[in-house]
Amino acid sequence: MRLAVLITAALLLGACVPTTSLPPTEPDGEEGVARAPSAAAQAGEDAAKTFLSVIRTVEPAAEKLCRQRGLAGNCDFRIVIDDRPGLPPNAFQTLDTRGRPIIGFTLSLIAEARNADELAFVLGHEAAHHIAGHIPKSRDVVLADALMAGLEAKAGGASKEEVQAAQNRAAATKIRSFAQGYELEADALGAEIAYLAGYDPVRGAA
């Protein structure tokens, strides 16, 4: 929770406001005596600072490239933290109801990243999905394939349940066929974003 609180507080303060963290003061038999932070607490603070530093440098580079490419209507990325306990290391990209791109990180990914280059590569990779228009592209094609499969099943006399099953199979097949290509494209564009932001994409991808 210490890491979650630190990141949340820093994000609320904004990138333009410098933040500092002091070791917690706890009574130790004498008034005014402060204990040094534990190794785990210090590691959490270091991870949070690294993450915030990466956001401040990579997000502007991603937004600049997004505007240059001109494929996405909204290039105002919003970075969020999923601080639910027990989640595995993960990052994701989605859109809110107004089409604003959202990039999410779990706390475990932030904590386990070995260096800033890794975080920069992951952030660039997720931003690349939006810049390349992967969500609307895949949605349109998947819907078209599912619709066609449903029409063919209905024409063959399938029941309502069988039509739905045919649509689901077609959608799942198309999603799998797109996934690998989209991931490779996001890796390449994400590496470019990380490089433009001053990070080592080769080290980050490792």
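Tutor: Helices, of type H or I and at least four residues long, and strands, of type E and at least two residues long, are DSSP runs numbered from the N terminus. The model discussed here is predicted.

Student: After which helix does the segment holding A206 lie?

Tutor: The helix in question covers residues 201-205, and A206 belongs to the segment that follows. The name asked for is α7.

Student: Is A206 buried or exposed?

Tutor: A residue counts as exposed when its relative accessible area is over 50%. The relative accessible area of A206 is 73%. A206 is therefore exposed.

Student: What distance separates the C-alpha atoms of A206 and E118?

Tutor: Along the chain, these two residues are 88 residues apart.

Student: Is E118 buried or exposed?

Tutor: E118 is found in helix α4, which spans residues 116-131. The cut-off for a buried residue is under 20% relative accessible area. With a value of 12%, E118 is therefore buried.

Student: With the side chain of which residue does the side chain of E118 make a polar contact?

Tutor: Leaving aside neighbours within four places in sequence, E118 is in contact with A113, R203 and G204. The polar contact between side chains has a distance of 2.6 Å, and the partner of E118 is R114.

Student: How many disulfides does a search of the whole structure find, and which residues are joined?

Tutor: The search of the whole structure finds 1 disulfide.

Student: Why is the disulfide of C66 and C75 assigned its handedness?

Tutor: The assignment rests on the torsion about the S-S bond. For C66 and C75 this torsion is about -75 degrees, so the disulfide is left-handed.

Student: What is the order of the strands in the open sheet?

Tutor: The sheet has 3 strands with mixed pairing. Its edge strands are β1 (78-82) and β2 (91-95), each of which pairs on one side only. From one strand to the next, the twist averages 25 degrees. The order is β1-β3-β2.

Student: Which residue in β3 stands opposite R78?

Tutor: Strand β3 comprises residues 101-106 and is joined to β1 by 5 bridges. These two strands run parallel. The residue of β3 opposite R78 is I102.

Conventions. Residues are numbered from 1 along each chain as its sequence is written. This is a predicted model: local features need pLDDT of at least 70, side-chain atom pairs count only at pLDDT 80 or more; totals for chains, interfaces and linings use all residues. Side-chain values use heavy atoms; hydrogens and water are left out. Two strands pair if DSSP finds at least two bridges between them. Axes are lines fitted to C-alpha atoms, for helices over the stretch in contact, and angles run from 0 to 180 degrees between N-to-C directions. Buried means under 20% relative accessible area, exposed over 50%, partly exposed in between (1.4 Å probe, protein chains only). A polar contact is a pair of N or O atoms within 3.5 Å; within protein, one must be able to donate a hydrogen and the other to accept it, and residues adjacent in sequence count only if both atoms are side-chain atoms. Contact means heavy atoms within 4.5 Å. A disulfide is a pair of cysteine sulfur atoms within 2.5 Å.
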